[in-house]
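Here are my notes on this model, as numbered points. Please read them alongside the coordinates.

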Amino acid sequence: MKRRSSWAMLAVLSLVLLPGAACAAATAGLVAPGIPAFAVQNTGGGQTYTLTIQLLALMTAITLLPAALLMMTAFTRIVIVLAILRQAIGAGQAPPNQVIVGLALFLTLFVMSPVIDKIRVDAVNPYMAGAIDTTTALERGVGPLKTFMLEQTRESDIAAFERIAGGKGYDSPKDVPLTVLAPAFMTSELKTAFQIGFLLFIPFVIIDLVVASVLMSMGMMMLSPVLISLPFKIMLFVLVDGWTLVMGSLAASFYR
């Protein structure tokens with residue numbers, strides 16, 4: 001229940017703070033130019049309603065918010081490893097894509113719960129209580145997420161994207177902007193996911209090789225080795241409690 005409320009708090013932070021910026025601008029008297037949206041005509045005249053550029057940009061940002069949250073959390077590594085594991089077992093579409101994505105989402109929630117709790121305590125609660133303004137809440141909310149990303153990102157990846165951006169280095173890791181950190185984090189997550197996937201593939205490949213060698217020695221070359229090895233791979237994975245081992249190892253890989 002605590003982790004579920006923490007996940008909800010992260011969504012509240014994202015959806016509350018963005019409109020807060022628009023309200024703050026309106027309060028300060030910063031009126032953005034409007035785009036005519038629709039007009040209402042009646043006997044006494046007409047009224048034209050407009051859509052401000054600021055509100056339009058806000059609505060566009062909200063549509064991109066789920067993708068940004070998925071790409072800046074543990075979701076990428078988890079879903080790739082689970083997909084590679086399914087491929088290594090060779091059971092076709094079992095488990096199906098919906099189950100893989102669902103497992104990845106809930107495991108992401110489990111891994112990110114400390115970060116979400118810190119965002120809730122440092123940014124969401126003070127902002128909802130009116131103790132801090134929007135800018136301060138945004139800075140406090142991004143801080144824990146940025147710290148998590150820095151812990152999972154290789155320095156070589158940060159240096160590569162910093163070099164591409166034409167920068168000259170940073171005094172400390174906290175000075176790395178999100179425009180550089182986000183692609184570096186994604187690159188590191190892809191590398192780590194494929195490294196874990198490689199290790200998961202090895203025992204299943206060994207089973208395939210053993211089965212293929214036995215069938216060839218028996219002269220049964222027309223029989224597909226996959227047909228024989230699949231039950232053994234499933235039995236081995238179940239006997240060693242493979243799902244628990246994979247899930248536990250994935251969660252532990254973020255806080256080693």
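1. Start with I132. This residue lies in the loop between α4 (97–128) and α5 (134–152). Helices here are DSSP runs of H or I with at least four residues, strands are E runs of at least two, and both are numbered from the N terminus. I132 is buried, at a relative accessible area of 15%. Buried means under 20%, exposed over 50%, and partly exposed in between, with a 1.4 Å probe and protein chains only.

2. What does I132 touch, leaving aside neighbours within four places in sequence? It is in contact with D122, A123, P126, Y127, A137 and R140. Contact means heavy atoms within 4.5 Å.

3. A word on conventions. This is a predicted model, where local features need pLDDT of at least 70, side-chain atom pairs count only at pLDDT 80 or more, and totals for chains, interfaces and linings use all residues. Residues are numbered from 1 along each chain as its sequence is written, and side-chain values use heavy atoms, leaving out hydrogens and water.

4. Overall architecture. The protein chain has nine helices and two strands. Their order along the sequence is α-β-β-α-α-α-α-α-α-α-α. Of the 256 residues, 33% are buried. Take contacts between residues at least 6 apart in sequence: 67% of them join residues at least 24 apart.

5. Surface. The chain exposes about 15200 Å², and carbon and sulfur atoms supply 71% of that area. Areas come from the Shrake-Rupley method with a 1.4 Å probe; for residues, only the protein chains shown count as cover.

6. Nonpolar patch. F198, L199, I202, I206, V210, V214, M218 and M220 form a surface patch with about 760 Å² of accessible area together. Patch members have over 30% relative accessible area and no salt bridge; nonpolar side chains (Val, Leu, Ile, Met, Phe, Trp, Tyr) are joined within 5 Å, like charges within 9 Å. A salt bridge puts a side-chain nitrogen of Lys or Arg within 4 Å of a carboxyl oxygen of Asp or Glu. I206 is found in helix α7 (residues 178–217). I206 is partly exposed, at 46%.

7. Aromatics. The count is four aromatic pairs. F237 and W243 are edge-to-face, because their ring centres lie 5.3 Å apart and their planes meet at 85 degrees. Rings of Phe, Tyr and Trp (its six-membered ring) pair with centres within 6.5 Å; planes under 30 degrees apart are stacked, over 60 edge-to-face, the rest tilted. F237 is buried at 9% relative accessibility, while W243 is partly exposed at 32%.

8. Cluster and charge. Ring pairs link F148, F185 and F254 into a cluster. The charged end of R77 sits over the ring of F254, 4.0 Å from its centre. The rule requires NZ of Lys or CZ of Arg within 6 Å of the ring centre and within 35 degrees of the ring normal.
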